[in-house]
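User: I am new to reading protein models and would like to learn how to look at a few features. Could you take me through them with care?

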Amino acid sequence: MGLFKVAVTFFVELTTFTSSINPFSGFGKDPSQAVLGIWEDIQHPLVPSLPTGAASCPEGKVCFHPDGSSPGFQCEYDLDPSIWLPCNKAKDRNCWIKKRDQPVRFDIDTDYENPDDVPKGKIREYLLIVDNVTLTPAFVSREGRAFNGTYPGPKLEACWGDQIVVQVKNQLKDMGTTVHWHGIRQFRTNHMDGVPVTQCPIIPGGNFTYNFTALQYGHTWYHSHYGLQYADGLAGPLVIYGPTSADWDNAAEPLLISDWVQKENVFQRYVSGEIQTGFTAADAIVVNGIGHNGLNTTGPFDITNRKPPSALHSVNITANQTTLLRIINGAAATSFIFSIDGHNFTVISSDLVAIEPFKTNSIVIGIGQRYTILIHGLAHPESVPGNGSFWIRTHPADGCNIFTTGTFNSQSSPSEPFDVRTAVLHYPNFNIPTTVGGISSQNNERCSKACVDEAPHRLQPIVRWTVDDEPLNVLNESTFLPALQNNPSESLGQLGRYRHWMLRLNHSTEMEIGRNMSSPLWIDFANPTMLDPVGTKKKEHYNIVDYSFPDNDGFIYMVIDGSQLPTAMPGADGNTSVIALAHPIHWHGSDVVVLGQSTSAYDPLTSRKSWNFDNPPRRDVVMVPAGGYVAVAFKPDNPGAWLVHCHIAWHASAGLALQMVLQGDRIKETIGDKAWREAECQCDKWKEYNAKHPNGTVGAIADQDESGI
């Protein structure tokens, strides 16, 4: 199904919020959940109406239709239109809203980390329904899971400063679910992060409403954070319209790139892969839900195993104009090198951070990362071979992929398992060719296929941070190793013993501080950390690091060190080893600045001499190079329980994660008593459901055979 083919009965936006209370079909009384911070007997209704045509502007507000948004969509701000006006135009994309007669603006230089500096938008409400569906992204049909019946899920749109309210209805028969808003800082809304450490899962037949403010702008994605569900189809784009650091004329639809398991669902693949053999492979690459057959038997370029260009996702571009394209890596285990034949482009954001523009011919995009790029249309595309169409390539990076038919490794083999020409850049005055040969190859990829982040000097944030050169914490106690058990675990999982991953302390550090932290993460769905930060800290597999300081005005440093390669380091669950693999690490609750990142070994005495404290790169997913390290810093100003985990889905499910508790004694005070009671009631529902549906009965929750995240 297409990315944006969304049924009215599923995908709902409230163009205006009404205070009237009427039951919405399928939703009864549910006093345990607050919507918009208001407690009622019945939830606020989600009126099944979509915006059509030009939207009206409420009196006394500043309204405008942001370029590139859906028809009928508009931004609305509580600002006097006689004083304020929108200013985001093709030749001034830096500006968003400004005063008419004064040099006062909300723009690219506004400090979005400060809620008081962010414009106040409207309440924007959506409905997402989680269900089992039949999906056929790459030739082979199988059961998957999807939001509102489509993969990827519907594009959710908001404006900078909007209050986003999303009701999620779980129609899965034997699983809970949660929805995570990837990269959204969730400032003072820890309970809305949508992970099993902040909430109990949504029960089958149940619903939960997420409610948070878009302090950041740009694009990201939403996805399930319950087990492996996102790799099975529960993912979709989220666009928050705001200023950009360079000008453009048109905007294309977001591009969600992923790997895909074709023959079975990802839970079955995890059992046959990670549990039984130790490594899990994908089968194909899909772009916006469309891809070639990766399980070919007659050759990677056989026409019977690949879709013609006209059937792939196309990005439309106009000659001599600049098109904005939002790219998302939503893969389970593959990092990509993205390029467009015959075209260079300009990069203007990394994750949810606007950066100084830089030009390139390709970018490396790790799992969970996002880039906004500007593609400059050729003045005369008709004079260039290609019939007005050009290949978009998503080449798996060396060492950061594994597929059933082989791996992509430019260093060891020039042959490739299957075609990486997965989408088409198209000029609309031409027809997209129906045969592969109709588009001439003008490969524009970089020579190196290394799985490393873009060079730090390229990723300079517009809103600057200067980092203290001394951390609040003791660094060696926050230096973690991505390690793998040498022998299968004896205690975790239902289906079988297997080797787990973990983010652990060095054994010598454990001895110094008298604490074991060398176990894989493993969450009890009925006991989220947020509700009991003191008690859960004592649980062996919760892997909690307490970051609470009398004065939180400063920075916490953390090092993920993949360069220590012992043959057998003692651990709480047996010996472990660090393997030379790259890991895309995602921080919840904050962007992190990248102080240092290297393919060389980490040395606690000398490495920091090369670190950058003056406006370093800032993002929420950072690649730990194979055999190297990354050093990051963040502000501990957001009380809550926050995950840090590898975004390779198989590794996260095998335990490669830890939790940070920031100001644990202030979490309840920060989110408020109503939100706290809501979280407790959600857990009561989870416990009651499981008590009524024990193992072996109809409706019982499937056994937990992975970490839970």
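User: What is the torsion about the S-S bond of C75 and C159, and is the disulfide left-handed or right-handed?

Analyst: This is a predicted model, in which local features need pLDDT of at least 70 and side-chain atom pairs count only at pLDDT 80 or more, while totals for chains, interfaces and linings use all residues. Residues are numbered from 1 along each chain as its sequence is written, and side-chain values use heavy atoms, with hydrogens and water left out. A disulfide is a pair of cysteine sulfur atoms within 2.5 Å. For C75 and C159 the torsion about the S-S bond is about -80°, so the disulfide is left-handed. C75 lies in strand β2 and C159 in strand β8, so the pair ties together parts that are 84 residues apart in sequence; strands are DSSP runs of E with at least two residues, numbered from the N terminus.

User: Are C75 and C159 buried or exposed?

Analyst: Buried means under 20% relative accessible area, exposed over 50%, and partly exposed in between, with a 1.4 Å probe and protein chains only. Both C75 and C159 are buried.

User: Which residues does the cis peptide bond join?

Analyst: Most peptide bonds are trans, and most residues other than glycine have a negative phi. Here a cis peptide bond joins Y151 and P152, with omega about -10°, and P152 sits in the loop between β7 and β8. N320, although not a glycine, has a positive phi of about 65°.

Methods:
Helix = DSSP H or I, 4+ residues; strand = E, 2+ residues; numbered from the N terminus.
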